[in-house]
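Student: I've got a model open and some labels to check. Can we go through them one by one?

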Amino acid sequence: MRTMRDHLYLFLFTFHFSTGCIVSNEQQTIVITGYTGASVVLPCSCADPQSTVGTFTWYFLQGNQWIQVFQDEKYSGRRVLFDELSPTNLSLLISDLRMNDQGYYRCMTEPNIFTDVVLKVKGCDLVENRRTVVVTGYSGESVVLPCSCTELLAKPEHIQWLYLRENQYKEIYPNKQIENYKNRVKMFNPNTPGNLSLHISALTTEDQGHYQCFVSSQQVLAVRLRVEEKTPVHTISLTTHQPSHLTQDSTTLQLKLIPQHHTPQFVFILLGVFCSVLFLALLAFICWRCIGSRNAKKVTTNGEELKREQDNQDDVMYSTVVHVKTASTPAHTHSDPAELTEYASINVKP
């Protein structure tokens with residue numbers, strides 16, 4: 001009995017591993033978005049990781065016909081299986097995406113066993129398409145001519161920078177048709193695919209003129225570059241010549257007079273500081289006046305009290321009281337009476 005059961009388990013186990021690959025999301029549609037110049041993965045895998053894959057094929061719908069991706073020349077060198085080490089991972093990796101890669105794809109393992117993928121490719125649409133941008137640079141310095149895609153992850157299939165010379169546009173990037181631009185032009189930010197801005201170094205007045213950022217006949221940005229002379233630095237040289245019999249060298253003292261430029265922000269800062277100092281001075285003056293007024297009031301009060309005391313003293317009237325003492329003496333003796341005088345104060349109220 002046990003032997004029959006073991007044989008049944010062995011049969012079921014063998015049948016399980018001998019079944020073909022049934023893809024995940026069978027007969028469903030997956031939408032994937034990619035960017036021109038970048039890479040994208042179209043997902044496809046077996047629902048059962050233990051299943052074995054006999055054959056499978058990736059198709060691309062062109063018109064009304066399904067064409068095998070690995071046999072189409074337009075994908076040459078750009079398509080590969082995403083994970084070749086995993087036999088049940090059938091995902092397709094397409095690199096250097098192009099606009100004509102957009103469309104319907106199908107991953108098929110068995111007849112009527114497939115999953116569909118819709119690939120949408122976003123290209124480069126210039127931010128200032130069909131417009132003219134004015135840029136000012138200075139002689140001897142560097143300048144950046146702006147140009148970028150609305151999708152910074154999208155790298156255009158074609159990019160040219162052109163310069164108008166003698167009524168004809170000539171390429172200065174990536175090919176240098178004008179000798180003067182060699183070793184002076186480069187992409188401003190090569191790490192961002194959608195940033196197409198051009199960096200020009202060591203500007204001269206000859207660089208002034210009209211430029212074009214050309215992606216396609218429908219995607220063109222015009223840039224007008226103005227090159228101005230840098231503000232000169234005035235130099236005064238004071239030279240002291242040594243005697244000819246000693247040396248021919250001279251000591252030069254250079255005093256650089258740099259013209260002052262108008263800086264509104266600096267003026268506003270000084271004005272703010274001046275107003276703050278003026279406000280503090282006014283506040284100090286008011287406090288000083290308040291303290292002085294209090295002291296003057298106190299002095300006035302003390303003076304009034306002192307005057308009131310003096311007036312009270314002036315109202316005192318003195319009277320003299322004379323006491324005459326007489327002593328009885330013999331009739332034949334005559335003496336002047338002794339007079340005693342005392343003073344008494346009397347307060348007189350008004």
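Student: What separates F285 and W288 by about one helical turn?

Tutor: They sit three residues apart in helix α2 (residues 264-314), so about one helical turn lies between them. A helix here is a DSSP run of H or I with at least four residues, numbered from the N terminus. Keep in mind that this is a predicted model, where local features need pLDDT of at least 70 and side-chain atom pairs count only at pLDDT 80 or more, while totals for chains, interfaces and linings use all residues. Residues are numbered from 1 along each chain as its sequence is written, and side-chain values use heavy atoms, leaving out hydrogens and water.

Student: Why is the aromatic pair F285 and W288 called tilted?

Tutor: Rings of Phe, Tyr and Trp (its six-membered ring) pair if their centres lie within 6.5 Å; planes under 30 degrees apart are stacked, over 60 edge-to-face, the rest tilted. These two are 6.0 Å centre to centre with 35 degrees between the planes, hence a tilted pair.

Student: Why is W288 called exposed?

Tutor: Exposed means over 50% relative accessible area, buried under 20%, partly exposed in between (1.4 Å probe, protein chains only). W288 has 58%, so it's exposed. F285 has 43%, so that one is partly exposed.

Student: And what makes the pair of Y163 and Y211 tilted?

Tutor: Their centres are 4.7 Å apart and their planes at 40 degrees, so tilted again. This pair links distant parts of the chain, with Y163 in strand β11 and Y211 in strand β15, 48 residues apart. Strands are DSSP runs of E, at least two residues. Both Y163 and Y211 are buried.
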